[in-house]
Amino acid sequence: MTTKTLRIATRKSPLALWQAEYVKERLIQAHPGLTVELVAMSTRGDKILDAPLAKVGGKGLFVKELERCMLDGEADIAVHSMKDVPMEFPEGLGLAVICEREDPRDAFVSNTYKSLDELPTGAVVGTSSLRRQCQLMQSRPDLEIKWLRGNVQTRLSKLDDGQYDAIILATAGLVRLEMEDRIAQRISTDVSLPAGGQGAVGIECRTDDEETMALLAPLHDKNTATRVYAERAMNRRLEGGCQVPIACYAELQEDQIWLRGLVGSPDGKTVLRHEVRGSASDPEALGIEVAEVLLGQGAQAILDDVYNAEND
Ligand SMILES: NCc1[nH]cc(CCC(=O)O)c1CC(=O)O
């Protein structure tokens, strides 16, 4: 029995709160007697909804404010969607645990059409992810991609208003929010390769807080972590910032990792792909290998164009 209280810093969006509650429940299950409190905060990224996210500091913005909360000692841990976690951590903080992955695929959501293939020529599809846009445009250059931001509920209400024929969201978010019935199609990873870390929840804490790290340990899922380490190593080598058309996805096949990576132009006209299979004992090496092949194919020029366009 422990009598400790652990505080979780979290954003107030429904998905962030779900993830924090999930970690809280699992911690209490693993450690009867442990008290877990949520410290919910509105971050700047949640308040500024009219500007492109990249212009208000990127997705990393959400994470930074939670990190400040831990460094100030107002919270002990922060729970994140792994795909939103920047590659580098501030001094004194680190990723302690990665929990078991939910379905990593992108979801096709529509009130009219059952699948991507059913969309008529010129249909309007909502997403603000350059990764999704690039892959959609590659397989369906006739589609019109329209900007879509906000949390999952906001995005769904814009679809329901009739502003889009379909929108693309992460399956994991919809499943967690018990809105699985909104998913018309789980898009094959061959058609839309996910973002690194998509569908996985990670927990960050102070690296000198051994007591907390020991409490978190039972939540770690080794297989998910191996896969996500490979994906993040690729992103890190490509210096994949917040809003870039980079995709990667690792699967385990016995003791092998199969890692697929992609960098493409937002219009889908240039799409570089590479995949490797290799030992699961060194996931980072595989991530770096895929990144270097993509760089050899010209990935840097594509990424530079995206960064320059963003800064216009
Ligand atoms: N970009 C925001 C975000 N961050 C994590 C998820 C979904 C859950 C996950 O991937 O873990 C979403 C929503 C979405 O992309 O539809």
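Ala-107 stands opposite Leu-169, a residue of strand 8. The model described here is predicted. Strand 8 (166-170) pairs with strand 5 (residues 106-109) in the antiparallel sense, over four bridges. Strand 8 also supplies at least two residues of the shell around the ligand.

- Five strands form an open sheet in the order 7-6-8-5-9, and their pairing is mixed.
- The edges of this sheet are strand 7 (144-146) and strand 9 (185-186), each of which pairs on one side only.

**Helices across the sheet**
- Helix 4 (residues 130-139) lies across strand 5, strand 6 (124-126), strand 7 and strand 8.
- The direction of helix 4 is at about 170° to strand 7.
- Helix 5 (residues 152-160) lies across strand 5, strand 6 and strand 8, and runs at about 165° to strand 8.

**The shell around the ligand**
- The residues around the ligand are Ser-81, Lys-83, Asp-84, Val-152, Leu-169, Ala-170, Ala-172, Gly-173, Gln-198 and Gly-199.
- Helix 6 (171-176), like strand 8, supplies at least two residues of the shell.

**Position relative to the domains**
- The ligand shell receives residues from both domain 1 (5-99 + 200-220) and domain 2 (106-186), and therefore the ligand lies between these two domains.

How values were computed
Residues are numbered from 1 along each chain as its sequence is written. This is a predicted model: local features need pLDDT of at least 70, side-chain atom pairs count only at pLDDT 80 or more; totals for chains, interfaces and linings use all residues. A residue is near a molecule or strand if its C-beta atom, placed from the backbone, lies within 6 Å of it. Domain bounds come from an automatic or database domain assignment. Two strands pair if DSSP finds at least two bridges between them. Two residues are in contact if their C-beta atoms, placed from the backbone, lie within 7 Å. Axes are lines fitted to C-alpha atoms, for helices over the stretch in contact, and angles run from 0 to 180 degrees between N-to-C directions.
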